[in-house]
Amino acid sequence: MATQVVMPKLSPTMEEGQVARWLKKEGDKVSMGEPLAEIDTDKATMEMQALSAGVLRKVLVKEGESAPLGQPIAIIGEPDEDISELLKSATAAAPAKEATEGATTVPESDATPAIEQKQPAEVSQSTPEVPTDGRGASGGRTPVSPIAARMAAEAGVDLGRVQGSGPGGRIIKRDIEAAMKEAKPSSAAAPKLRPMAMPKAQPGAVYGPSAYRDEPMSEMRRTIARRLVTSLGPVPHFFLTTEIEMDRAADMRQQINTLYPDAKVSLNDVIIKVVAAALLQHPQVNASFQDKTVRYYEHADIGVAVATENGLITPVVRAADMKSLIEIAAEVRELAGRARERKLKPEEYMGATFSISNLGMFGIDEFTAVINPPEAAILAIGAMTPKPVVREGEVTIRQIMRATMSCDHRVVDGAVGAQFLQTFKQILENPLYLFLG
Amino acid sequence: MRDALNDALREELARDPDVFLMGEEVAEYQGAYKVTRGLLEEFGAKRVIDTPITELGFAGLGVGAAMAGLRPIIEFMTFNFSILATDQIINSAAKMLYMSGGQFKIPIVFRGPGGSAYQVSSQHSQALESWYAYFPGLKVVMPSTPADAKGLLKSAIRDDDPVIFIEQERMYGMKGEVPEEDDFTIPLGVADVKREGTDATIIARSLLVPAALKAAEELQKEGINCEVIDPRTIRPLDIETIIESVKKTNRVVIAEESHPFCGVGGEISAEIHEQAFDYLDAPVKRVSAADVPMPYAKNLEKLAIPDVPQIVAAVKEVAYV
């Protein structure tokens, strides 16, 4: 049976609404709950849903026109149904409505004189109050039980993404529990690893400095940068440390070197590759601070700190994300060799997007490195040493390495740095990842 | 239950010569419900006293005796008749300590059956606990097992404040273990977790405790694990135990034999919302008596009193099953 669609009450103070856009044309099929139009209320533009199914037979209020609450704005019915009666009553109702409909609560029986007695069932469905039950228009209130709200806040679950299973779409405890289960496959809040996407480097290709895009700095970013600089100097550092179980990475390195004795892959080469892979997952860290913008790099150009007799220099492995471990190993060896001979060209030791400093070979367990501006971070790698650890309730020996990341807080916030470091750890502890995808 | 109450009275009469018992038919007839059986014979007419049908009068006598230093136990044949004595209970007993600036404590117990019986109609089937719990100065106790009845009545008699001790007429025949220790008492103001559970908390008192336990059993078959809490003392209310449980289960059903409006269930619900709002997963649900005078007709009477299926349905509602 054909029904009138009336201007719904989409905000508590709304008295009339303007049709911003019809999302359906006359003749389009409409199912119940489907977005029908966008309505400008006194507060925002809201989606209005169809409360009955059928075909949009007639649009009574055009885009850009306004109608008071409760006034018929369209008719939905069967394709061949006679809607002349409804049309008549709708047009008759339009002018008479204005005074009676307001923000005040009007009993249903008073609110529906526009609709003929023929449609008693639809009348109550299309009263203006309907969309406020939370399932309704986007931006409508979503009911959440108190414990569910609290759990979501504590676990960082975005309520906007949770489908409530309680009455009226109320989000309840079990919905949050389900969302939490989905959200964490392994450790708490560890960022989900996307599949390894390693574009193959062209054989013989030579890579210059990484391409980048500059994004305007948000007001918040600018304020964070300004405030931290006054406190900590031009590059405000903070430090994050994690402990990594290296047994698998060490095994893998050994196996590669058994297969390809000439490759001479070092642990540091593995770390370079893992950093590059992790940077692809966290582009916010592969960035630099540029006065008014933040620069995001497309590739991971990894600076490797090399100690020479004359001091420290950081030759750059360009596009490490594109290169295989064996390629990286060869390149690092060659660059380091020339670094010691002071034969590096400036473009070979400038413009990295991220650096690694490794003092493991000097038996240093853990240290903090100074960021090489304008890079956003540097990773300080300590020595890998066998240590007793507890696994599954048993004390056992594992190769443990500590890594400390220094971050430029103007670009990288604590949580962002921590998530990068978690990914780095996750890949390094499961290096097979490098060969998937 | 009857014997547990009888034991409590006997032990306290024997323990303290200041304790005496007064009410309609408590002596010669040995109690309308035989709770006072044998007490006249054992303690004599000075300690176990029959009164005329004058509730206001003997309640007032009791308050006076308490002011003079005795520890009266006043039996109402049922609490429906205590309505006649409310001036003495509310205006005298409840307020004397306060209005005398602490000079007169009133260690009195008003006891008797309350709630519904079987087809005694509107005037004789009332659950009046919310009346008495409303007034500062009164304590209100409602046992749901023979052991609780004995332990709580002994504590009530020893308490220095006026205590309204409401038994349940339908529960006098209830059987249950009572600890045999010499001086078994249960402190007032301490709730009892009758059944531990994790999914929902049913708060019930008096007649509704066995119903709540039965409902919990049925729900267990469907995998819903209910905790059942009996506050035992309505005032002072052991809200801590309830809040602890709510924090664990996040869902609450309150089952009570009294009317819903302005009832004890409403009060408990308000306290839960005030103290544990952030732990709730659903609005607190009450299962109360029908909001009508108790019908005489057997079928209607049954419908007016909350039963196991109603509690089961309410738990499913708050657990979203």
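## Cores and packing in a predicted model

The largest nonpolar core has 102 residues, and those with the most contacts inside it are B:Ile202, B:Ala212, B:Val253, B:Ala255, B:Ile311 and B:Val315; a nonpolar core is a set of buried Ala, Val, Leu, Ile, Met, Phe, Trp, Tyr and Cys residues joined through C-beta atoms within 7 Å. The model is predicted, so local features need pLDDT of at least 70 and side-chain atom pairs count only at pLDDT 80 or more, whereas totals for chains, interfaces and linings use all residues. Residues are numbered from 1 along each chain as its sequence is written, while chains are lettered from A and ligands numbered from 1 in the order in which they are written.

- Another core, of 59 residues, lies apart from it and has A:Leu325, A:Ala376, A:Ala377 and A:Phe424 among its members.
- Leaving aside neighbours within four places in sequence, B:Val253 is in contact with B:Ala200, B:Ile202, B:Lys285, B:Val287, B:Ile311, B:Ala314, B:Val315 and B:Val318, contact being defined by C-beta atoms, placed from the backbone, that lie within 7 Å.

- Chain B contains 12 helices and 12 strands, and 51% of its 321 residues count as buried (buried if 20 or more other C-beta atoms lie within 10 Å of a residue's own, exposed if 12 or fewer, and partly exposed in between, with C-beta atoms placed from the backbone).
- Of the contacts in chain B between residues at least 6 apart in sequence, 78% join residues at least 24 apart.
- Eight residues of chain B are in contact with nine residues of chain A.
- On the side of chain B that touches chain A, the residues divide into five nonpolar, one polar and two charged (Ala, Val, Leu, Ile, Met, Phe, Trp, Tyr, Cys and Pro count as nonpolar, Asp, Glu, Lys and Arg as charged, and the others, Gly among them, as polar).

**Helix packing**

- Helix H1 (residues 2–15) and helix H7 (residues 146–158), both of chain B, pack at an angle of about 25° with their axes 8 Å apart, where axes are lines fitted to C-alpha atoms, for helices over the stretch in contact, and angles run from 0 to 180 degrees between N-to-C directions.
- H1(B) and H7(B) are therefore roughly parallel to each other (angles under 35 degrees count as roughly parallel, over 145 as roughly antiparallel, 65 to 115 as roughly perpendicular and the rest as oblique).
- The residues of the contact of H1(B) with H7(B) divide into eight nonpolar, no polar and five charged.
- In chain A, helix H8 (residues 267–281) and helix H9 (residues 325–340) pack at an angle of about 120°, with their axes 9 Å apart, which makes H8(A) oblique to H9(A).

**Backbone geometry**

- Most residues other than glycine have a negative phi, and most peptide bonds are trans.
- The peptide bond from A:Pro373 to A:Pro374 is cis, with omega near 5°, and A:Pro374 lies in the loop between strand E17 (354–358) and strand E18 (377–381) of chain A.
- A:Glu392, which is not a glycine, has a positive phi of about 50°, and this residue is exposed, with 5 other C-beta atoms within 10 Å.

Definitions and conventions. Helix = DSSP H or I, 4+ residues; strand = E, 2+ residues; numbered from the N terminus. Contact = placed C-beta atoms within 7 Å.
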